[in-house]
Amino acid sequence: MTLNFQTPDFIVERDIKKCINCRVCERQCANEVHSYDAEEDLMMADDAKCVNCHRCVLLCPTRALSIRRHPLEFREHPVWTGSTIKEIYKQAATGGILLTGMGTDKNFPVYWDNILLNASQVTNPSIDPLREPMELKTFLGRKPEQLNIKDGRLAEKMPPQLELEVPIMFAAMSFGSISLNAITSLARAAKEVGTYFNTGEGGLHKSLYEFGDNCIVQVASGRFGVHPEYLKAGKAIEIKVGQGAKPGIGGHLPGEKVGKQVSETRMIPEGTDAISPAPHHDIYSIEDLRQLIFALKEATNYEKPVSVKIAAVHNVAAIASGIARAGADIIAIDGIRGGTGATPLRTRDSVGIPIEFALAAVDSRLRAEGIRNQVSIVISGGIRNSSDVVKAIALGADAVYIGSAALIALGCHMCQTCYSGKCNWGIATQNPNLVKRLNPDIGARRAANLLKAWGHEIKELLGGMGINALESLRGNRLMLRGIGLTEKELNILGIKAAGE
Ligand code: SF4
Ligand code: SF4
């Protein structure tokens with residue numbers, strides 16, 4: 001017998017005085033943690049299989065279950081920590097790369113928490129959003145150098161724009177990485193609130209074409225599900241070059257997740273791995289990117305803005321400048337905290353830079369070059385709440401994408417095992433029995449509620465600053481102050497220290 005060195009991460013505790021052997025936990029756990037021992041008439045738990053998704057704890061009718069960290073700790077060591085040792089055990093046993101899901105759990109600074117917002121006092125009085133109109137409407141796309149008015153109307157035709165009622169969109173998440181019920185929830189919520197969801201690289205399921213007016217269709221390196229009707233279905237097209245959770249590498253959807261519907265939508269054979277290459281095989285320069293941008297514009301009659309999504313990396317400002325000059329209407333930048341369904345652990349945790357620095361650098365560079373009006377900036381990568389959104393807008397973003405926060409609204413409990421396909425909450429899975437657990441009516445309500453709640457809070461924060469339109473906050477870094485930051489960090493962010 002080969003010795004398995006892995007120790008369980010969690011311990012499942014069952015209060016046998018409360019447990020009624022109803023076996024709900026056994027039926028609810030796709031990881032097969034719970035089982036019933038008929039001889040002993042007892043419920044058993046295999047702790048090693050538990051990923052701490054909370055499903056059994058929340059559905060147990062008698063509140064008999066709790067999960068806690070396994071007490072078997074390694075001796076404290078600053079270098080050879082428990083997780084480092086366990087990772088080596090795992091690789092020594094499998095010979096494979098370590099996979100993980102969602103955004104990095106490394107303790108990188110979240111710079112939003114080191115940035116504080118201003119509020120009006122006495123002069124420039126604050127505005128009460130309950131009594132006075134506040135404008136959150138946002139337009140994404142290329143803006144003209146100047147507006148010429150003739151007979152009270154715009155003299156020239158505006159380039160195509162995306163119109164958002166709140167400056168928040170649902171980030172790219174493909175059908176395949178998440179379930180159809182999860183995407184349907186986001187599509188319905190986007191329509192209700194007046195914003196957009198994004199297909200990711202998985203194509204657009206036929207049932208979602210009716211949400212085309214609230215959809216951004218993605219063209220990624222694998223070109224899965226890309227055809228003329230698809231391009232025409234969305235309100236905008238996004239070329240995915242990179243993403244924050246895996247900069248520089250492609251994607252991989254295992255064959256087990258490629259069932260009939262995913263295979264039809266992606267236009268690949270059922271049961272085959274969907275591997276998107278690291279680069280686009282027709283893009284090796286900014287000129288090549290420009291060709292693809294204009295090929296997509298040509299294919300859609302110049303009626304849709306084209307976005308280019310990149311990961312936040314060291315020279316992001318120069319890359320963004322090239323993308324703007326290549327004719328993109330929107331640049332989407334995904335920071336190191338961005339989530340995903342599956343990514344190599346090492347890439348997720350070691351590649352890229354925080355979105356706060358990337359945003360500040362890109363906005364400053366495009367302004368310095370006089371081309372900021374040519375593109376809108378959308379950022380993502382760990383946006384957690386409405387104040388992150390407001391700080392992002394003040395730092396220079398036009399809007400944000402939310403991915404993990406949207407999935408949490410649907411019921412994700414951040415167990416970080418999306419890559420396994422066994423999401424007990426019906427989100428990151430294609431198992432029909434698990435998918436059913438997410439009711440798209442309820443999912444849509446919850447996702448829409450989240451956006452509405454953040455919208456209310458954004459209005460409160462704006463009102464507190466004496467600002468009645470989001471447009472007036474965009475890039476207004478005077479509304480920000482840094483706390484606990486070095487001189488260098490303040491310089492990169494382009495903000496003053498608290499007290500200055
Ligand atoms: S769901 Fe709760 S009550 Fe039912 S078997 Fe599991 S632990 Fe016992
Ligand atoms: S989507 Fe599902 S599998 Fe992924 S972290 Fe959330 S609960 Fe876990």
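Two strands pair when DSSP finds at least two bridges between them, and strands (E, at least two residues) and helices (H or I, at least four) are DSSP runs numbered from the N terminus. With that in hand, Leu 116 stands opposite Arg 481 in E22.

A word on the model: it is predicted, with local features needing pLDDT of at least 70, side-chain atom pairs counted only at pLDDT 80 or more, and totals for chains, interfaces and linings using all residues. Residues are numbered from 1 along each chain as its sequence is written, while chains are lettered from A and ligands numbered from 1 in the order in which they are written.

**The chain as a whole**

The chain has 15 helices and 23 strands. Its radius of gyration is 24 Å, close to the 23 Å from the globule rule for 500 residues, so the chain is as compact as a globular protein of that length. Here the radius is taken over C-alpha atoms, and the rule is 2.2 Å times the number of residues to the power 0.38. Along the principal axes, the C-alpha atoms fill a box of roughly 85 × 55 × 45 Å. Of the 500 residues, 46% count as buried (20 or more other C-beta atoms within 10 Å of the residue's own, with C-beta atoms placed from the backbone). Among contacts (C-beta atoms within 7 Å) between residues at least 6 apart in sequence, 70% join residues at least 24 apart.

Three strands form an open sheet of mixed pairing, in the order E6-E22-E23. The edge strands, E6 and E23, each pair on one side only. E6 and E22 run antiparallel and are joined by three bridges. Helix H11 (residues 386-395) lies across E6 and E22, at about 90 degrees to E6; axes are lines fitted to C-alpha atoms, for helices over the stretch in contact, and angles run from 0 to 180 degrees between N-to-C directions.

**A covered helix**

Seven of the ten residues of helix H8 (316-325) are buried, among them Val 316, Ile 319 and Ile 323.

| Element | Residues |
|---|---|
| Helix H7 | 286-299 |
| Strand E17 | 306-311 |
| Strand E18 | 330-334 |
| Helix H10 | 355-368 |

After H8 comes Gly 327, with a positive phi near 105 degrees.

**Around ligand 2**

Ligand 2 is surrounded by 15 residues, the closest being Cys 412, Cys 415, Cys 418, Cys 423 and Ala 428 (C-beta atom within 6 Å of the ligand). Eleven of the shell residues are nonpolar, four polar and none charged. Nonpolar covers Ala, Val, Leu, Ile, Met, Phe, Trp, Tyr, Cys and Pro, charged covers Asp, Glu, Lys and Arg, and the others, Gly among them, are polar.

Conventions:
A residue is buried if 20 or more other C-beta atoms lie within 10 Å of its own, exposed if 12 or fewer, and partly exposed in between; C-beta atoms are placed from the backbone. Two residues are in contact if their C-beta atoms, placed from the backbone, lie within 7 Å.
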